[in-house]
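Please have the model open beside you as you read.

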Amino acid sequence: MTKSNDLPDAELLASVKASCPTKSAQIRALDAAGWPCAKIHKALDIRYQHARNVLVADKKRQSAVSSKPYGIPKASEIASTANYDFQFLAGVLTNALHGIKKSVNLSIDSGMLEFAKGQNINLSEMLESSLVTRLRHEARLRWQAENREAIEASNRFFERHGLWSDGLRQF
């Protein structure tokens with residue numbers, strides 16, 4: 001099998017156009033084959049800025065994912081502290097804001113699916129918002145459990161000594 005770099009330009013271009021359904025996918029494929037942006041935009045008969053924007057956005061997305069310390073960790077890297085949970089959650093939420101998504105397969109009741117479609121409910125959006133709410137709740141519960149002693153000690157201190165502003169309040 002010949003590599004894409006071994007093919008003449010016309011054959012590679014025809015192959016890319018046949019196998020990639022969108023212009024963006026074609027731009028990425030030609031870039032992966034080593035074509036410069038100027039050559040890509042001429043070959044695909046698109047604006048140079050379109051080709052450049054696709055390539056720059058991909059590089060930004062790749063660097064955002066690879067440079068973040070919050071990516072999905074290996075089991076050996078998971079820390080046992082709550083700090084890890086908050087860092088991971090912050091990373092997940094940051095990725096959600098930047099549109100970095102991954103396809104998943106889910107199984108739900110067919111009747112519920114039809115009803116949701118009839119109501120124009122965006123299932124992906126609903127799942128994401130529900131999952132963010134659940135992750136925040138779980139992180140809050142974990143933080144409270146890990147800091148229960150400190151919270152109880154603080155409450156005992158204020159029960160014994162009161163607040164510094166007790167004598168100053170007008171209400």
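1. Lysine 39 is partly exposed, at 32% relative accessibility; here buried means under 20% relative accessible area, exposed over 50%, and partly exposed in between, with a 1.4 Å probe and protein chains only. Its partner is aspartate 9, and the two side chains form a salt bridge with an N to O distance of 2.6 Å. The term covers a side-chain nitrogen of Lys or Arg within 4 Å of a carboxyl oxygen of Asp or Glu. This pair ties together distant parts of the chain, since lysine 39 sits in helix α3 (residues 37-44) and aspartate 9 in helix α1 (residues 9-19), 30 residues apart. Aspartate 9 is also partly exposed, at 38%.

2. A word on the basis of all this. The model is predicted, so local features need pLDDT of at least 70 and side-chain atom pairs count only at pLDDT 80 or more, while totals for chains, interfaces and linings use all residues. Numbering runs from 1 along each chain as its sequence is written, and side-chain values use heavy atoms, leaving out hydrogens and water.

3. How many salt bridges does the structure hold? There are 2. Besides the pair above, arginine 134 meets glutamate 138 at 3.0 Å, N to O. Both residues belong to helix α7 (residues 123-146) and lie 4 residues apart, about one turn of the helix. Arginine 134 counts as exposed at 51% relative accessibility, whereas glutamate 138 is partly exposed at 28%.

4. Now the fold as a whole. The chain has 8 helices and 0 strands, where helices are DSSP runs of H or I with at least four residues, strands are runs of E with at least two, and numbering starts from the N terminus. Of its 171 residues, 18% are buried. Among contacts (heavy atoms within 4.5 Å) with a separation of 6 or more, 43% join residues 24 or more positions apart.

5. Do look at the end of helix α8 (residues 148-161). Its 14 residues reach 20 Å from first C-alpha to last, close to the 20 Å expected, the expected span being 1.5 Å times one less than the number of residues.

6. Finally, the cysteines. Cysteine 20 is buried at 12% relative accessibility, and cysteine 37 is buried too, at 13%. The whole structure has 0 disulfides, that is, pairs of cysteine sulfur atoms within 2.5 Å.
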